[in-house]
Amino acid sequence: MGATCGHWMASKELGDIVLIDVIPGLPQGKGLDLLEAMPIEKRDSFVLGTEDYKDTANSDIVVITAGIARKPGMSRDDLLNTNYKIMQDVVSKVVTHSPNCILIIVSNPLDAMAQTAYKLSGFSRNRVIGMAGVLDSARFRAFIAMELGVSVENVTAFVLGGHGDTMVPLPRYSTVAGVPVTELMEKSTIERLVQRTRDGGAEIVKYLKTGSAYYAPSAAVTEMVEAILKDKKKILPCAAYLEGEYGIHGLFVGVPCKLGSRGIEDVWEIRLTDEEMAALKKSADSVKELVAVVGV
Ligand SMILES: NC(=O)c1ccc[n+]([C@@H]2O[C@H](COP(=O)([O-])OP(=O)(O)OC[C@H]3O[C@@H](n4cnc5c(N)ncnc54)[C@H](O)[C@@H]3O)[C@@H](O)[C@H]2O)c1
């Protein structure tokens, strides 16, 4: 997925891009291939593939997608121990070579990996951001648009909570041309779309069999990177380290964030019903359990 992130970002000319991996030749081959597409795309993003962190020195943003992905039948949580070790390795090298960067964490289990990166990097909380909500919301938006036969451009949606089975889609705050979907669809239809959103990752894994989704996740990362690089102050659902917001302390959970040049510049505390708040707490509890396993 890292290469596909590079693809979307280069096609938007967001900056110069370095792809890094531990498989000899893989990042170099993908990087050169992408670079050679730039004259056709009329983009001046320079793309380099490498196994050496020196080539990544002083990056503004580092997106970490390193780690194993799910196979059919696996949950995101099954990846915990392997990806924790990979995250340790990657974060220590990133911090050495790009001490001022903003980290965007993508590897699963997402919230626990973001917490790992936050604790190991020693960065301030605005500079460590987990990507999940933008993807989960995009899935929900795609399903709403398909159901109603309207343009995806008309659909906004919010999915909060951890990136897992306990994610919290918020239909009340999801709209079509400004009209809440709760006004436009039967409750049972909304529930069906919410469930498909929760199972969105597994649905793709089941089709692909050898890996997990990458087009939509990397498009989601690209939206976050663009918001930061262009200082857009964009409100996007991101996994953020909470220090009391929503009554949650010392844990990464998906909440609405303002993304700008300093990373997470604000966390929005929107009003939730008791039921929505209970779902968010339940989601936070499952993140807490994972975080306890790796002790971060
Ligand atoms: N947050 C999300 O919404 C979301 C969505 C999709 C996938 N993911 C997660 O992202 C991760 C990557 O998925 P993918 O589809 O790109 O998998 P992938 O197998 O295609 O790529 C992962 C890459 O990481 C590399 N890697 C392993 N150890 C490394 C290390 N120490 N340093 C550098 N690179 C290393 C591997 O060589 C591999 O090329 C998985 O954990 C997956 O579950 C998260």
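Glu 13 is found in the loop that runs between helix H1 (2-11) and strand E1 (17-20), where helices (H or I, at least four residues) and strands (E, at least two) are DSSP runs numbered from the N terminus. The model is a predicted one, in which local features need pLDDT of at least 70 and side-chain atom pairs count only at pLDDT 80 or more, whereas totals for chains, interfaces and linings use all residues. Residues are numbered from 1 along each chain as its sequence is written, and side-chain values use heavy atoms, with hydrogens and water left out.

The phi angle of Glu 13 is near 50°, a positive value in a residue other than glycine, and Glu 13 is partly exposed, with a relative accessible area of 38%. On this scale, buried means under 20% relative accessible area, exposed over 50%, and partly exposed in between (1.4 Å probe, protein chains only). Lys 209, placed in the loop between helix H8 (200-208) and helix H9 (215-229), has a phi near 65°, again a positive value in a residue other than glycine, and Lys 209 is exposed at a relative accessible area of 53%. In the loop between strand E4 (102-105) and helix H5 (110-121) lies Pro 109, which is joined to Asn 108 by a cis peptide bond with omega about -5°.

The ligand is surrounded by 24 residues, of which the closest are Met 1, Asp 21, Ile 68, Asp 89 and Val 106; a residue is counted here if one of its heavy atoms lies within 4 Å of the ligand. By type, this shell divides into 15 nonpolar, seven polar and two charged residues, with Ala, Val, Leu, Ile, Met, Phe, Trp, Tyr, Cys and Pro taken as nonpolar, Asp, Glu, Lys and Arg as charged, and the others, Gly among them, as polar. Helix H4 (residues 80-97) gives the most to the shell, with four residues.

| Protein atom | Ligand atom | Distance |
|---|---|---|
| Asn 83, polar side-chain atom | oxygen | 3.2 Å |
| Val 106, polar backbone atom | nitrogen | 2.9 Å |
| His 163, polar side-chain atom | oxygen | 3.0 Å |

The protein covers 82% of the 860 Å² of accessible area that the ligand has on its own, an area from the Shrake-Rupley method with a 1.4 Å probe.

Three strands form an open sheet in the order E6-E9-E10, with antiparallel pairing. Strand E6 (155-156) and strand E10 (179-180) stand at the edges, each with a single partner strand, so one side of each is left without a neighbour in the sheet. Strand E9 (residues 175-176) pairs with E10 over two bridges in the antiparallel sense, two strands being paired if DSSP finds at least two bridges between them. Thr 175 has Pro 180 in E10 as its bridge partner.

Two buried residues may be described together. Phe 123, in the loop between H5 and strand E5 (128-130), counts as buried at 6% relative accessibility. Leaving aside neighbours within four places in sequence, Phe 123 is in contact with Val 95, Ser 98, Pro 99, Cys 101, Leu 103, Tyr 118 and Val 128, where contact means heavy atoms within 4.5 Å. The C-alpha atoms of Phe 123 and Val 95 are separated by 8.9 Å, although these residues are 28 residues apart along the chain. Thr 197, found in helix H7 (residues 187-198), is buried with a relative accessible area of 0%. Not counting residues up to four places away in sequence, Thr 197 touches Asp 136, Arg 139, Phe 140, Phe 143, Val 159 and Met 167.

Terms used. A polar contact is a pair of N or O atoms within 3.5 Å; within protein, one must be able to donate a hydrogen and the other to accept it, and residues adjacent in sequence count only if both atoms are side-chain atoms.
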